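Subject: Structure handover and findings

Hello,

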Amino acid sequence: MAAVVRGKAETLALRRRLLSDSCRLFYPEDPIKIVRGQGQYLYDEEGAEYLDCINNVAHVGHCHPVVVRAAHGQNQMLNTNSRYLHDNIVDYAQRLSETLPEKLCVFYFLNSGSEANDLALRLARQYTGHWDVVVLDHAYHGHLSSLIDISPYKFRDLDGQKEWVHVAPLPDTYRGLYREDHPNPAGAYASEVQHVVNSVQEKGRKIAAFFVESLPSVAGQIIPPAGYFPKVAEHIHRAGGLFVADEIQVGFGRVGKHFWAFQLQGEDFVPDIVTMGKSIGNGHPVACVATTQAVARAFEATGVEYFNTFGGSPVSCAVGLAVLDVLEKEQLRAHAASVGSVLMELLQQQKAKHPIIGDVRGIGLFIGVDLIKDTATRTPATEEANYVVSRYYFSNRVASAASPDWEGAAVLLLPLPLCPWALRATEGCLQELASGPERGREPPSGYPHPDTTH
């Protein structure tokens, strides 16, 4: 039966009637109805083309033919749960192991990044016998109850901070405690983690894990100073805890130089647990936890099996293998590095011209543009950031801004797909970022309209 074709207004009315208001849309004043995607572009019901600067899930581009064929072909043959013996799951685990340090050699497959982080928390608690968790300020690790509890970005608007959760300062060298002029920001921020650990131990509590996005994204596209993770790991290990690297938004070659963002911290640094999701399935629900033999054995010692109905299914693993094939054959890591380098250069040129751009930071295709009202105070230009986002949309472009819900961020995010031609498509957006309002479709009256020409 053919799908019913509805007008945008009818679809919106049905959504408002049938879905919770908590399930928010992008651009709620005038939502975009997307009906097709190809490469780095999205298309609405009228055929208008949008550059997708929001979606960090379509890692190798929307509807990549290799990935689509892999899913379709396996669906035609078999899709079942992972308790049956099947080649795809072991082939996928083997391929993933080739991208990681040798120590990370045991894999669990799941459906979402939230599931992966929840399992990582269970693994850490079982291995250490401890309960408490250290996280970074403004962190977000998922939507399950266990993860809301360790996500300051969320829990501050809900039930507040649990007694077993301990928050360390974000290692932000632009807005944080220790900035770009500090002689050793990595050591200084790691010492802050040590202070947190000491405080926990003075209360008679014990650390199970330090959870961190390898590059904090929701917090504003933060690049932790080199050497920070190894020093933090020393403090956490000494306290009997494990280091968990959340690569769900930033892994799989996005940083260009390395396959995993944690590798930016040095060749010798190896987390105890790595979680991955989003991009590894290019839109298909696939996630994974990689850990050590020792951690896995401790989890097995409970005698309770770990079973996930669809995690590691033949179709999911076929999709995962296809994404790895595309990354390798199309040399997308190298592409991310080269395109990211050019984007950073273009943005730095705009920064030199326009004081509203306070900082441009990033690596590969993980890039943020920090907008400010004043160079001395670095006051976030939140209204201006929101206006630029709306202008991108209403000029047939799409962008995203870091949440202005906490004081200290007005950051435009550019998580472009790693597919080719992203640079050419993005260059025009950069010009508009710098030059402010131009002719074309204006945002509706509900959007802020500040003077962005300064």
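This is a predicted model: local features need pLDDT of at least 70, side-chain atom pairs count only at pLDDT 80 or more; totals for chains, interfaces and linings use all residues.

**Salt bridges**

How many salt bridges does the structure hold? The count is 16.

Start with D132 and R205. Their side chains form a salt bridge, with the closest N and O atoms 2.5 Å apart. D132 sits in strand β5 (residues 132–136), while R205 is in the loop between α7 (185–202) and β7 (207–213). The pair therefore ties together parts that lie 73 residues apart in sequence. Is D132 buried or exposed? D132 is buried, at a relative accessible area of 2%. R205 is partly exposed, at 25%.

Next, D30 and K8. This salt bridge has an N to O distance of 2.9 Å. It also links distant parts of the chain: K8 belongs to helix α1, and D30 to the loop between α1 (8–18) and β1 (34–38). The two residues are 22 apart. Both ends are partly exposed: D30 has a relative accessible area of 23%, and K8 has 25%.

E300 is partly exposed, with a relative accessible area of 43%. R297 is partly exposed too, at 42%.

Now the network. Which residues are linked in it? R175, D359, R361 and D370 are joined by salt bridges.

**Cysteines**

How many disulfides does the count give? The answer is zero. A disulfide would need two cysteine sulfur atoms within 2.5 Å. Take C288 as a case. The closest cysteine sulfur to that of C288 is in C317, 8.9 Å away, so the two are too far apart for a bond. C288 is buried, with a relative accessible area of 0%. C63, by comparison, is partly exposed, with a relative accessible area of 45%.

**Helices α3 and α10**

C317 turns up again here, as one of the α10 residues that meet α3. Helix α3 covers residues 87–97, and helix α10 covers residues 314–329. At what angle do they pack? The angle is about 35 degrees, and the axes are 8 Å apart. The crossing of α3 past α10 is left-handed.

On the α3 side, the contact is made by N88, I89, D91, Y92, R95 and L96. On the α10 side, the residues are P314, C317, A318, G320, L321, L324, D325 and E328. By class, this contact has eight nonpolar, two polar and four charged residues.

**Q348**

One last residue to look at. Q348 lies in helix α11 (residues 332–353). Q348 is partly exposed, at 37% relative accessibility. How far is Q348 from V369 in space? Their C-alpha atoms are 9.6 Å apart, and in sequence the two residues are separated by 21.

Best regards

Technical notes: Residues are numbered from 1 along each chain as its sequence is written. Side-chain values use heavy atoms; hydrogens and water are left out. A salt bridge is a side-chain nitrogen of Lys or Arg within 4 Å of a carboxyl oxygen of Asp or Glu. Helices (H or I, at least four residues) and strands (E, at least two) are DSSP runs, numbered from the N terminus. Buried means under 20% relative accessible area, exposed over 50%, partly exposed in between (1.4 Å probe, protein chains only). Axes are lines fitted to C-alpha atoms, for helices over the stretch in contact, and angles run from 0 to 180 degrees between N-to-C directions. A crossing is left-handed if the near helix is turned anticlockwise from the far one by less than a right angle, and right-handed if clockwise. Contact means heavy atoms within 4.5 Å. Ala, Val, Leu, Ile, Met, Phe, Trp, Tyr, Cys and Pro count as nonpolar, Asp, Glu, Lys and Arg as charged, and the others, Gly among them, as polar.
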